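Hi everyone, thanks for making time this morning. Let's bring the model up on the screen and walk through it together.

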Amino acid sequence: MADIAVRTGEGAQTVSRPNFLKKTFLKNLPAKIAALPMIATVLVVFIGCTIWTIYYSFTNSKLLPTGKFVGFEQYERLFTANRWNVSVSNLITYGIMSLVLTLALGFLLAVLMDQKIRFESAFRTIMLYPFALSFIVTGLVWQWIMNPTLGIQGAIRSLGWESFTFDWISNPRMVLFALLIAGLWQGVGFCMVLMLAGLRGVDEEIWKAARVDGIPTWRTYLFIVLPMMRGVLITAVVLIGSGIVRLYDLVVALTNGGPGISSEVPAKYVVNYMFSGGNIGQALAAATMMLITVLIIVLPWAYLEFGGKGKRA
Amino acid sequence: MTMTASMTGSAPVSQANEPRGPRPKPFFTPKKIMIYSTLIFFSLYFLFPLYVMVATSFKTMPEIRFGSIFALPNQINFDSWVRAWSTACTGLTCNGLAPGFWNSVKITVPSTIVSIFIAAINGYALVNWRFKGSELFFAVLIFGSFIPYQVMLYPLVMITRELGIFGKLEAVILIHTIFGMPILTLLFRNYFASLPQELFKAARVDGAGFWRIFFEIMLPMSLPIFVVALILQITGIWNDFLFGAVFAGTHNQPMTVQLNNIVNSAQGTPEYNVNMAATVLTGLVPLIVYFVSGKLFVRGVAAGAVKG
């Protein structure tokens, strides 16, 4: 192919097909060779593997992905599986609470940090260090702190307050809040850093104008500055949102889905069916549902962000 | 607003009774008290687990059983640390966390180097050697970073199995390189785009090629972004759980996987002091990176995030 391109391409005036091939494949050849890992990642992993997963989610693969095509059967099973429905409803409950509280607390702390305070870098260090830790570490520490007999509950009961109750981690109705405490602990600092960068990016003139007009500081923050930080806000929502959909390690470490199945999440459902449940078709159908969820979050943002330039992503 | 304005505006004169250094503003205004007490409240929330982790790891088991989780340890006692490091049981074997630590080192070092090197070349090619479709590949790459790992997990297991590296270090390194690529490529692309293009053009005119410009001009100039990428990758790969658990195989399990085994699949009565010592040990490497790197860590997480 390259031979033809070289031979006929040299002198040709009109844009012939060999010339086109030459242009496509040989121009910038070192750059293309250097970019091969990226091209392979995009084509094989991000596109290829995703399509593979979607395709095999329509098969009845059990231990190996060799099953035959069964249409939407896996999805019908998925939507009637109690564990999956609990996982999804957990994710929705946890996700909404986590998203709203992370954003609200992140913004509140960023505003406080923006008040020309002393020890700003000390406060920032304290708020952001959990973000550097593994979810496993976070989950295990909070599992210990919330231990009903020896954790906070036990400590306060031993002080004499016998009826004090903080058993969220072992209470099926409260376990999502236990997850929330640990999740916020890890994520709020990061959100604060993003928001603070956004606040610092707002033009000083806006503040002067608001002050001249006699608008109270808190109203300036909420109704003038916040809407101006649209870009940062959208980025934060997309990042926190796609992080929530991926929620896995934290649950494994903190509760391992328990008590019972009351803190199960979709990502864990997929991994369990894939590697220990021996039902690959089911796992892939669940993974496809996760993909659709992320698309619902990311596509509108991608459209707003890149849509104008006519790019697909 | 009138309240706040008068408070901050007329402050320097009114507070004459107690001179506190060069700044004559009153420190204890109601507004300031509100701000600092809220910040301190949240700081306690953020610091409490660190305190509990360290304090518990120094206690003896009777101390834990009969004392309070808030209490300081009676004495600094490193027994639990030694046991967490060398004899705690991680499922089948009882060699402590030490093997996991070295596995994590063996995974993190090459994964960090390979992923950063490839991403640097990607960024360089995307900025200075654009080819047909390069921007589209980049867009899909960034978009791909939002796909949940679980979607690509099984096909990747099959691919690594075909390549004969499943369950070996190479597989984990490959996976970390793949999933680190979007964010790192973005980081390097933005950095190279911010460099003056005249340098590149001058080198081109002088006849330098793709690799020569990369190694002799671009790399020496990109030290700051390399440090940011390094911080991002060391903490990210060290903290990984899923890929280590799936791809590394039982002999190469990273520290996070072994830690989870020590705590969550322990037999018999749980030893909370050993558990917490193991947890501190696992968190130590990213914490050191975090405290040493300071503002660069912030820059790393923000650079990756702000223009995603």
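Where is Pro259(A) found? Pro259(A) sits in the loop between helix 14 (249–254) and helix 15 (266–275) of chain A. Here helices (H or I, at least four residues) and strands (E, at least two) are DSSP runs, numbered from the N terminus. The peptide bond that joins Gly258(A) and Pro259(A) is cis, with omega about -5°.

Before going on, a word on conventions. This is a predicted model, where local features need pLDDT of at least 70, side-chain atom pairs count only at pLDDT 80 or more, and totals for chains, interfaces and linings use all residues. Residues are numbered from 1 along each chain as its sequence is written, with chains lettered from A and ligands numbered from 1 in the order in which they are written.

Phi of Lys116(A) is near 50°, a positive value in a residue other than glycine. Phe119(A) lies in the loop between helix 6 and helix 7 of chain A too, and its phi is positive as well, about 60°. As a reminder, most residues other than glycine have a negative phi, and most peptide bonds are trans.

Are these two buried or exposed? A residue is buried if 20 or more other C-beta atoms lie within 10 Å of its own, exposed if 12 or fewer, and partly exposed in between, with C-beta atoms placed from the backbone. Lys116(A) has 9 C-beta neighbours inside 10 Å, so it counts as exposed. Phe119(A) has 12 other C-beta atoms within 10 Å, so Phe119(A) is exposed.

Chain A has 16 helices and zero strands, and chain B has 16 helices and zero strands. Of the 313 residues of chain A, 41% count as buried; for the 308 residues in chain B, the figure is 44%. I'll call two residues in contact if their C-beta atoms, placed from the backbone, lie within 7 Å. Among contacts in chain A between residues at least 6 apart in sequence, 64% join residues at least 24 apart. In chain B, residues 24 or more positions apart account for 73% of the contacts with a separation of 6 or more.

On to the interface, which takes 83 residues from chain A and 76 residues from chain B. On the chain B side, helix 3 (residues 30–58) gives the most, with twelve residues. By class, that side has 53 nonpolar, 21 polar and two charged residues. For these classes, Ala, Val, Leu, Ile, Met, Phe, Trp, Tyr, Cys and Pro count as nonpolar, Asp, Glu, Lys and Arg as charged, and the others, Gly among them, as polar.

Finally, the largest nonpolar core has 170 residues, and Met192(A), Val270(A) and Ala286(A) have the most contacts inside it. Helix 9 (residues 169–194) of chain B gives the most to this core, with 15 residues. By nonpolar core I mean a set of buried Ala, Val, Leu, Ile, Met, Phe, Trp, Tyr and Cys residues joined through C-beta atoms within 7 Å. Zooming in, Met192(A) touches Gly106(A), Leu109(A), Ala110(A), Met113(A) and Met127(A), not counting residues up to four places away in sequence.

That's my tour, and I'm happy to go back to any of these places.
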